[in-house]
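Subject: Structure handover

Hello,

Here is the structure I promised. Please open it first, then read my notes below.

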Amino acid sequence: MAYTTTTKQWFNDAAPALVDAAGDDVAGAIAGPVLFEIAGADGGAWLVDFALRTVRSVDASKPGAVPKLIVRAAERDFMALVEGRMSADDGVLTKRLHVAGDVSSIARLMTALTDH
């Protein structure tokens, strides 16, 4: 299945715009960096910080900051999430999306990723 964008393109182009548009309420609710570990040909690891309004590629074993949340998914599943073809609930229930960390921040992050 072809994606409208690749994961790398999404983190380079869409993620910074999403982070900028998220606002202070999201930054306050998440309150720390989020590590995304995406498996696949165009996968990789990215550290997203809504408070600092940054998105950067990182080595997952050395992200440079202690993440508040960790999101793991295969590329096809992550793209289905951000493109609206899969809900966060479906992703978690089917174990295609794995989220770990501060429970109070998880729901806010999933809303920020899918409301655009």
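A contact means heavy atoms within 4.5 Å. By that rule, Asp-77 touches Met-86 and Arg-96, leaving aside residues up to four places away in sequence.

Some ground rules. This is a predicted model, in which local features need pLDDT of at least 70, side-chain atom pairs count only at pLDDT 80 or more, and totals for chains, interfaces and linings use all residues. Residues are numbered from 1 along each chain as its sequence is written, and side-chain values use heavy atoms, with hydrogens and water left out.

**Asp-77**

Asp-77 sits in helix 2. Helices (H or I, at least four residues) and strands (E, at least two) are DSSP runs, numbered from the N terminus. Is Asp-77 buried or exposed? Asp-77 counts as buried because its relative accessibility is 5%. The classes are buried (under 20% relative accessible area), exposed (over 50%) and partly exposed (in between), with a 1.4 Å probe and protein chains only. The side chain of Asp-77 makes a polar contact of 2.9 Å with that of Arg-96. A polar contact is a pair of N or O atoms within 3.5 Å; within protein, one must be able to donate a hydrogen and the other to accept it, and residues adjacent in sequence count only if both atoms are side-chain atoms.

**Helix 1**

Helix 1 covers residues 7-30. Its end C-alpha atoms span only 22 Å, while a straight helix of 24 residues would span 34 Å at 1.5 Å a residue. That expected span is 1.5 Å times one less than the number of residues. Where does helix 1 bend? The bend is at Gly-23, by about 100°. The bend at a residue is the angle between axes fitted to the seven residues ending there and the seven starting there.

Several residues of helix 1 are buried, including Trp-10, Phe-11, Leu-18, Gly-23 and Ile-30. The buried residues pack against strand 1 (34-39), strand 2 (44-49), strand 3 (54-57), strand 4 (69-74), helix 2 (75-82) and helix 4 (103-114). Just after the helix, Ala-31 has a positive phi of about 45°.

**Helix 1 against helix 2**

These two pack at an angle of about 40°, and their axes are 10 Å apart. Thr-7, Trp-10 and Phe-11 of helix 1 make the contact with Glu-75, Phe-78, Met-79 and Val-82 of helix 2. Axes are lines fitted to C-alpha atoms, for helices over the stretch in contact, and angles run from 0 to 180 degrees between N-to-C directions.

**Ser-105**

Ser-105 lies in helix 4. Ser-105 is buried, because its relative accessible area is 0%. A polar atom of its side chain lies 3.5 Å from the backbone oxygen of Ile-30. Beyond residues up to four places away in sequence, Ser-105 touches Ala-29, Ile-30, Lys-68 and Leu-69.

**Loops**

Glu-83 is in the loop between helix 2 and helix 3 (88-93). Glu-83 is partly exposed, at 26% relative accessibility.

Arg-53 is in the loop between strand 2 and strand 3. Its phi is near 60°, a positive value in a residue other than glycine. Arg-53 is partly exposed, at 29% relative accessible area.

Lys-95 is in the loop between helix 3 and strand 5 (97-101). Phi of Lys-95 is positive too, near 65°. Lys-95 counts as exposed, because its relative accessible area is 64%.

Best wishes
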